[in-house]
Amino acid sequence: KLPVVTYNGAFVVNPVDGGVIDFNIMERDEITEIMHLIIESGLMPLVYSMVKGVEKVSWIEGKESLGIKNYLAARKNDKRLNPVKGFNELLTREIFYVSVIGKEIDERAVEPELINKNINYHIVRDTYNMDEFWLEIYRHDSTKKDGMNKVKKITGADNIISFGDNLNDIPMFEASDRCYAVSNASDELKNYATGIIGSNDEDSVAMFIENDFTGGK
């Protein structure tokens, strides 16, 4: 029944009925400039947005990168998928998240263009497919830490325990009372962790929560 934080802190939702409690939309001019920069760098974005209250994932049909093709192949029955004909169609909606997936993402080519933008972004290696990188772009106040603090305020919680596996979990770890990295997490994240638990493939988070609350009984 607790509020759920999704999309790196961009959304807080009610898990019972799926209702949106809070979400962060990016400024149109800002995201237009950023997407131009991405495409000019030879990359293609996936654009996450709300269209008449319904979540959509859009991309330019016929110009799919290998990363987008892999994404689509793994989500064939996803009702959010929304191919469009051109760049302008990507911008005719409330955008809250942009991602680029692929082997070809080069921090040297992309990151300098993003540094001075009023956004929150990450360039990380996919924990589960080490051949691919993800560039993730959100509004400046969309972080897991921001989302966690919203839930803390809504629920009145005075103690936060968090779990993570990659670099975008670092702000959340820094703001938590306790934080645990799964064993197959990035090595850098582990430096911020209170402790290391088992792999996410072994139900380790669920087992930790059960043992932490029941003492293993």
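Residues are numbered from 1 along each chain as its sequence is written. Because the model is predicted, local features require pLDDT of at least 70 and side-chain atom pairs count only at pLDDT 80 or more, whereas totals for chains, interfaces and linings use all residues; side-chain values use heavy atoms, with hydrogens and water left out.

Helix 2 spans residues 66-73; helices (H or I, at least four residues) and strands (E, at least two) are DSSP runs, numbered from the N terminus. Within helix 2, G67, I68, Y71 and L72 are buried, the term denoting under 20% relative accessible area, with exposed over 50% and partly exposed in between (1.4 Å probe, protein chains only). Viewed down the axis of helix 2, these buried residues fall within an arc of 130°, so they line one face of the helix; the arc is that of the directions from the helix axis to the C-beta atoms. An α-helix has 3.6 residues a turn, so residues three or four places apart point the same way. The buried residues of helix 2 pack against strand 4 (46-51), strand 5 (54-60), strand 6 (81-84), strand 7 (94-102) and strand 9 (133-139), contact being defined by heavy atoms within 4.5 Å. N70 also lies in helix 2, but N70 is partly exposed, at a relative accessible area of 36%.

Strand 4, one of the elements against which helix 2 packs, is mostly covered, with five of its six residues buried. Strand 4 pairs with strand 7 in the antiparallel sense over five bridges, where pairing requires that DSSP find at least two bridges between two strands. In this pairing, M50 has E94 of strand 7 as its bridge partner. Strand 4 and strand 5 also run antiparallel, joined by five bridges, and S49 stands opposite K56 in strand 5. The hairpin of strand 4 and strand 5 has two residues between the strands, and K52 takes a positive phi near 55° there.

The largest pocket has a volume of about 840 Å³. A pocket is, on a 1 Å grid over the protein atoms alone, an open set of points where a 1.4 Å probe fits, with protein on both sides within 12 Å along at least five of seven lines; lining residues have an atom within 4 Å of a point. The lining comprises 30 residues, of which I160, I161, S162, F163 and M172 lie nearest the pocket centre. Strand 1 (4-6), helix 5 (144-155), strand 10 (161-164) and helix 8 (204-214) each supply at least two lining residues. The lining divides into 17 nonpolar, eight polar and five charged residues.

Conventions:
Grid points are joined across faces, edges and corners, and a volume is the space filled by probe spheres set on the points. Ala, Val, Leu, Ile, Met, Phe, Trp, Tyr, Cys and Pro count as nonpolar, Asp, Glu, Lys and Arg as charged, and the others, Gly among them, as polar.
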